Each structure stands twice: as C-alpha cells, then as structure tokens.
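Here is a brief report on one protein chain. Keep the sequence and the structure in view while reading.

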Amino acid sequence: MVEQFVGKWKMTSSDNFDEYMMAVGAGFASRQMANLAKPSLTIALDDQGFISMKAVTTFKTLEIKFKLDEEFDETTADDRKVKTIMSLADGKLIQTQSWEGKTTIIEREIQDCKMIAKCTMDDVVAIRTYEKDA
C-alpha cells in the first residue's frame, strides 16, 4: 500500500503553511525559510521494509528512515525534537509527531496522481500539494 507514495515528488502549492508553522511553535526565521522553500520529496522502500523520506530544499536536506507503526526520534526542519510514528490507514500515510505535550498530524494521500499533505495542529490546517517529478 505504501508503494503508491514511492517516487520523487515536487511541491507545487502550499496553503496556510505559515499559520501551521506558527501553531507548532516555529520561530520567525524558520517560518520565512519554510515559506520560501519548495521542497522535493523522495520516498523509497527497501527490502527490509524500511521506508525513507528525503526532503531537499535550497536551505536544508532532511531524511528520516522508519518502519510503519514503530516510534522513532525525528528532528524537524525547524529543529523540534519529536517522537514520530508513521502508519497507513484508509490509503493515507499518517505521520504523528509528539513533543512537549503537543501533537501534530501530517496525512499524505494520493488524489488524481498528486500527493496531498494535510498538516494539522489543533484547529490550524495547511495543505501542501506535490506532483510526481520525472
């Protein structure tokens, strides 16, 4: 099921992301960089069942490697140290990040050959859209 996410993706639109970054507690400088960045995202699956997600921007490259439903430590682009669990449900790849008593959820799903990432923190929602990169 995770195979539909495998590939290289380029962000084509981002809505309400500054408000989302404020909600998770990102500082002004981090938010400015995040709003300028147009990340490419590569998702791969290896023979041992590990999934890797590599996000590349002109500012920073981040990579996480994980197995579904197993908690791991992640350092986010805005330097939050979080505990993360990735799971699959209803065709969605769901990333749950927890830190300092807070939780944010990023749901990725494929719609019309695009990957839609819905980022939710409390009542703030940002939508980021990615298209397959050739």
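## The nonpolar core

The largest nonpolar core holds 29 residues. Among these, Tyr 20 and Ile 43 touch the most other members. The model is predicted.

Which residues does Tyr 20 contact, leaving aside its neighbours within four places in sequence? The list is Thr 104, Ile 106, Cys 119, Thr 120, Met 121, Val 124 and Ala 126.

## Helix 1 against helix 2

Two packed helices are described by the angle between their axes and the distance between the axes. Here helix 1 covers residues 17-24 and helix 2 covers residues 28-36. Their packing angle is about 150°, and their axes lie 10 Å apart. Angles over 145 degrees count as roughly antiparallel, so helix 1 and helix 2 are roughly antiparallel to each other. The crossing of the two helices is right-handed.

Helix 1 brings Phe 17, Asp 18, Met 21 and Met 22 to the contact. Helix 2 meets them with Arg 31, Ala 34 and Asn 35. By type, the residues of this contact divide into four nonpolar, one polar and two charged.

## Ser 40 in strand 2

Strand 2 spans residues 40-45, and Ser 40 is found in this strand. Is Ser 40 buried or exposed? Its relative accessibility is 12%. Buried means under 20%, so Ser 40 counts as buried.

Lys 8, Trp 9 and Lys 10 are among its contacts. Lys 54, Ala 55 and Val 56 are also in contact with Ser 40.

Terms used. Residues are numbered from 1 along each chain as its sequence is written. This is a predicted model: local features need pLDDT of at least 70, side-chain atom pairs count only at pLDDT 80 or more; totals for chains, interfaces and linings use all residues. Side-chain values use heavy atoms; hydrogens and water are left out. Axes are lines fitted to C-alpha atoms, for helices over the stretch in contact, and angles run from 0 to 180 degrees between N-to-C directions. Helices (H or I, at least four residues) and strands (E, at least two) are DSSP runs, numbered from the N terminus. Angles under 35 degrees count as roughly parallel, over 145 as roughly antiparallel, 65 to 115 as roughly perpendicular and the rest as oblique. A crossing is left-handed if the near helix is turned anticlockwise from the far one by less than a right angle, and right-handed if clockwise. Contact means heavy atoms within 4.5 Å. Ala, Val, Leu, Ile, Met, Phe, Trp, Tyr, Cys and Pro count as nonpolar, Asp, Glu, Lys and Arg as charged, and the others, Gly among them, as polar. A nonpolar core is a set of buried Ala, Val, Leu, Ile, Met, Phe, Trp, Tyr and Cys residues joined through side-chain atoms within 4.5 Å. Buried means under 20% relative accessible area, exposed over 50%, partly exposed in between (1.4 Å probe, protein chains only).
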